[in-house]
Amino acid sequence: AQVVHVANDDDENLFSLSFRTTPTTSKGEAHILEHTVLCGSDKFPVKDPFFSMNRRSLNTFMNAMTGADFTCYPAASQVPKDFYNLLEVYLDAVFHPKIDELSFRQEGHRLEVTPKGDIEFKGVVFNEMIGSFSNPTTRLWNALSAALYPDITYGKVSGGDPKDIPKLSYEQLLKFYHSFYHPSRCTFFFYGN
């Protein structure tokens, strides 16, 4: 593991757990995993510890993000006890997540019957990416990247292409987790006093 600490007199303390994640498809495995690891862990088996922390914490920043070749989990607080509580929850989330199939269906994709009786795809990430793909600039960027970099991670849609997201299986998500979420692939970044 790599640990970086920018020590200074700032009361704003930040940590970020960053993993090198390089998807080989546009099924959204990195993005869905980013959401799913925050759906309960060994020490914190509640359904949604991320939102529970957000309501009870004095954090000044708390999030998770997926890029083309990384996934990171940053949080910040000016209260030392709160900072270390957040760190403990995030560490357990990324290194000991539950990743159950129900959370995968909730965060990734599932079939749902509408009130009219139609069957549609649903899922938090699926819906986020439908929204993202409604932007013409995003669609152009994704098409250019796919044409310029067809054989490497930068040619894939790390957030997930809505037409490809339903092709991701639970087993593929677990395989992606075991391939990329390991301390040797993580940069532990700390900032503050």
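Lys167 is exposed, with a relative accessible area of 52%; here exposed stands for over 50% relative accessible area, buried for under 20%, and partly exposed for anything in between (1.4 Å probe, protein chains only). The structure is a predicted model, in which local features need pLDDT of at least 70 and side-chain atom pairs count only at pLDDT 80 or more, while totals for chains, interfaces and linings use all residues. Residues are numbered from 1 along each chain as its sequence is written, and side-chain values use heavy atoms, with hydrogens and water left out.

The side chain of Lys167 forms a salt bridge with that of Asp164, at 3.0 Å from N to O. A salt bridge is counted where a side-chain nitrogen of Lys or Arg lies within 4 Å of a carboxyl oxygen of Asp or Glu. Asp164 is buried, at 12% relative accessible area, whereas Lys167 is exposed. By the same rule, the count of salt bridges comes to eight.

Glu101 and Arg105 are joined by a salt bridge of 3.2 Å, N to O. Both residues lie in helix α4 (residues 101-107), four residues apart, or about one turn of the helix. Helices are DSSP runs of H or I with at least four residues, strands are runs of E with at least two, and both are numbered from the N terminus. Glu101 counts as partly exposed at 37% relative accessibility, and Arg105 is likewise partly exposed, at 29%.

A further salt bridge links the side chains of Arg110 and Glu112, with an N to O distance of 3.0 Å. Here, too, both partners fall in the partly exposed class: Arg110 has a relative accessibility of 28%, and Glu112 has 32%.

A disulfide is a covalent bond between the sulfur atoms of two cysteines. With the criterion set at a pair of cysteine sulfur atoms within 2.5 Å, the count comes to zero disulfides. For Cys39, which is in no disulfide, the nearest cysteine sulfur is that of Cys72, 17 Å away. Cys39 is buried, at 8% relative accessibility. Cys72 is in no disulfide either, and the nearest cysteine sulfur to it belongs to Cys186, at 10 Å. Cys72 is also buried, with a relative accessible area of 9%.
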